[in-house]
Amino acid sequence: MKTITFAIPCYNSAEYMDKCIESILACRDEQDDLEIIIVDDGSFKDDTPAKADQWAADYPTTIRAIHQENGGHGQAVNTGLANATGLYFKVVDSDDWLDKDALQQVINYARTQVEDSDPTDLIIANYVYEKVYEGTSTTIRYTNVFPQGREFGWDDIKRFSPSQYLLMHSVMYRTQVLRDSGIKLPAHTFYVDNIFVYVPLPYVGTIYYLDVDMYRYFIGREDQSVNESIMYKRRDQQVLITRVMIDSVDVDAVESKKLRKYMLSYLSMMMCICTVFLRMKRTKENTRELNSLWGYLRDARPDMYLPVRANILNLGMNLPTELGRRIGLGGYHVAQKIFKFN
């Protein structure tokens, strides 16, 4: 068994995939216990497939290249997980990279779990928004939320701030936890990372947090999925992802009160994002879709509807009248500048 499997979904990524792969290989040593799975998701505009094969040829005991028909980011993650042999599973997008010193500390902890009869279910580290074109960066850390230096459970966590939600960038699940959760990400859909982080949480019993800035999340390409104009065009996919999250977990059945509270908060954030983009432009279609989404939550999870609707984010974003719409969008853009999330 390898210690960690790093899955790297690649779609026409030739321009930047090397930096991503090299950042992981920087921690490769004589133990050779790291696995990198490059998933070529039907690339055709550049030499991504050839690059993937060359990396696999150069590092045959560490790197595997898997080629598939285009299925989107989610299908590439599914493929990586299906082929993973590591105790832990980490997704690294091909335009992002990992800090060597921070990654080494995470690897060192993961290695201590390989021979443990009850290994930690979830390893968490900080991540950094790297706005390369602006020359700025913003670190998201969890020192006020999680204990340090020991394994802990959900009852030991403290309150998350609005900028501290767990994202794919910050989590490294034990591979079997992901498989036990039955997670399968939808194909040809953006924003599936929310499902990836959210759905397995009730299957996690033990957690370990390292206060290191490991994941470097690149922001700045015009075609990036978190670009606001692109997010508006793909608002239907945000809605789809949120519906999947509503269907996938009955939060009221979650045993830990603190985890239950966190998952309600996360779902509230997802509903808020959908509301933001469905109110960004006043159209009958947007209004109809927004009402449908809130109605779906009410009908599918009636016990969750009122707590999510009463969340302060959603109270602000669902103010009635045109003035209320403008106030809500204004608040969103202020938060965007403060937290620098896209």
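Predicted model: local features only at pLDDT ≥ 70, side-chain atom pairs only at ≥ 80, totals over all residues.
Residues are numbered from 1 along each chain as its sequence is written, and side-chain values use heavy atoms, with hydrogens and water left out.

The chain holds 13 helices and 9 strands, where helices (H or I, at least four residues) and strands (E, at least two) are DSSP runs numbered from the N terminus. Its radius of gyration is 20 Å, close to the 20 Å that the globule rule gives for 342 residues, so the chain is as compact as a globular protein of that length; the radius is taken over C-alpha atoms, and the rule is 2.2 Å times the number of residues to the power 0.38. The C-alpha trace spans about 65 × 45 × 35 Å along its principal axes. Of the 342 residues, 56% are buried, a class that means under 20% relative accessible area, with exposed over 50% and partly exposed in between (1.4 Å probe, protein chains only). Among contacts between residues at least 6 apart in sequence, 77% join residues at least 24 apart, a contact being heavy atoms within 4.5 Å.

Helix α1 (residues 17-25) gives a view of the interior, since its residues Met17, Cys20, Ile21, Ser23, Ile24 and Leu25 are buried. These buried residues pack against β1 (2-10), β2 (34-41), α2, β3 (63-68), β5 (97-98) and α4 (100-113). Because Lys51 lies in helix α2 (residues 48-58) and Asp18 in α1, the pair ties together parts that are 33 residues apart in sequence. Both partners are partly exposed, Lys51 with a relative accessible area of 21% and Asp18 with 22%.

By this rule the count comes to 17 salt bridges. Another of them joins Arg150 and Asp156 at 4.0 Å, N to O, with Arg150 partly exposed at 40% relative accessibility and Asp156 partly exposed at 34%. Glu289 and Arg243 form a further salt bridge at 3.9 Å, N to O; since Glu289 lies in helix α10 (residues 284-300) and Arg243 in helix α8 (residues 235-248), this pair ties together parts that are 46 residues apart in sequence. Glu289 is partly exposed, at 30% relative accessibility. Salt bridges that share partners also join Lys2, Arg28 and Asp32 into one network.

Two packed helices are described by the angle between their axes and the distance between the axes. Axes here are lines fitted to C-alpha atoms, for helices over the stretch in contact, and angles run from 0 to 180 degrees between N-to-C directions. The axes of α8 and α10 come within 10 Å and cross at roughly 5 degrees, which makes α8 roughly parallel to α10; angles under 35 degrees count as roughly parallel, over 145 as roughly antiparallel, 65 to 115 as roughly perpendicular and the rest as oblique. Among the residues that make this contact are Val239, Arg243 and Ile246 of α8 and Glu289, Leu293 and Leu297 of α10. By class, the contact divides into 6 nonpolar, 2 polar and 4 charged residues, where Ala, Val, Leu, Ile, Met, Phe, Trp, Tyr, Cys and Pro count as nonpolar, Asp, Glu, Lys and Arg as charged, and the others, Gly among them, as polar.

Helix α10 also meets helix α11 (residues 302-309), the two axes coming within 5 Å and crossing at roughly 135 degrees, so that α10 is oblique to α11. Trp294, Leu297, Arg298, Asp299 and Ala300 in α10 meet Pro302, Tyr305, Val308 and Arg309 in α11, a contact with 6 nonpolar, no polar and 3 charged residues.

Two loop residues complete the tour. Val92, in the loop between β4 (86-91) and β5, is buried at 0% relative accessibility. Leaving aside neighbours within four places in sequence, Val92 is in contact with residues including Phe6, Cys20, Ile24 and Tyr215; Tyr215 is 123 residues away in sequence and 8.2 Å away in space, C-alpha to C-alpha.

Terms used
Salt bridge = Lys/Arg side-chain N within 4 Å of Asp/Glu carboxyl O.
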